[in-house]
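Take a look at the chain below.

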Amino acid sequence: MKYLILTFVLTLSSAHAQLQKGLEALSGDPSPVATCEDCADDPSCPQNLVRDVLNGPLTFMGRDLLPGSDQNRSCVFRGATAYVIYTNCMGSKREAAATDIKVIPFSGGMISFYIENSSQQNTPISTMQRSQYDSTWRVAFQPTPATGTLNMDGVKSYLQSASTRQSGGCYVGASMGAQDMAHRGACYGGYQNETWMSSARDFWQNPGAEWPQTLQRLRTTVTRSY
């Protein structure tokens, strides 16, 4: 008798679990945002950088042509923990068709976020969700030394040095592959950082609500800065 009761209880529990999963699937709720537990103390993890840029102060340093900007002017900001470089900082203050952001923590390491949608998309990227990215969505890391205190000329020199000494790094994402959730990314040039890769893959697939909030905050800050 006890065995029959136990079997009945276990069957009910299993059925309840399956029902709960079905309800969650029907609700359309997004999957939870990665917590980046493995890199909680690593400022180079995308989740940590986005949180810092979203919540911390941003001081406008200037707008200029910077190395690697492909002749597009960049706005540079100093945050509480990193420098933020917003490329395609247009004189008209309109949002460019491609969003190109670099974040350089004071402790070193440069993270870049790049989004470019197809020509059919007429919506500003800062107002879009990750599920709407339909062309290029890339997150990349390049190991670089600690920055020290930089002015605009110092930022230029730092970027120039980073471009000439680049020997390796990691990335997730590819051109025309924004919706390819099977994409795994890679490290190259003999550099390996599996902790960063793991957190970046999670972020690339599901950056969460903080990511569009960060883009919107940067756009607001850009339009008020010059």
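Which side chain does Arg51 meet in a salt bridge? The partner is Glu210, at 3.4 Å from N to O. The model is a predicted one. Arg51 sits in helix H2 (residues 46–55) and Glu210 in helix H5 (residues 210–225), so this pair ties together parts that are 159 residues apart in sequence.

Side chains of opposite charge can pair when their charged atoms come close. In this structure there are six salt bridges.

| Pair | N to O distance |
|---|---|
| Asp64 and Arg73 | 3.6 Å |
| Arg219 and Glu95 | 4.0 Å |

Arg219 bonds with Glu95 in a salt bridge. Arg219 belongs to helix H5 and Glu95 to the loop between E3 and E4, so the pair ties together parts that are 124 residues apart in sequence. Arg219 is buried, at 8% relative accessible area. Glu95 is partly exposed, at 21%.

Asp64 and Arg73 belong to a network of salt bridges that also links Lys156. Asp64 is partly exposed, with a relative accessible area of 23%. Arg73 is partly exposed too, at 35%.

Now the backbone. Asp70 is not a glycine, yet its phi is positive, near 55°. Asp70 lies in the loop between strand E1 (59–64) and strand E2 (74–78). Its relative accessible area is 65%, so Asp70 counts as exposed. Lys93 is not a glycine either, and its phi is about 65°. Lys93 is in the loop between strand E3 (82–87) and strand E4 (98–105). Lys93 is partly exposed, at 25% relative accessible area.

Notes
Residues are numbered from 1 along each chain as its sequence is written. This is a predicted model: local features need pLDDT of at least 70, side-chain atom pairs count only at pLDDT 80 or more; totals for chains, interfaces and linings use all residues. Side-chain values use heavy atoms; hydrogens and water are left out. Helices (H or I, at least four residues) and strands (E, at least two) are DSSP runs, numbered from the N terminus. Buried means under 20% relative accessible area, exposed over 50%, partly exposed in between (1.4 Å probe, protein chains only).
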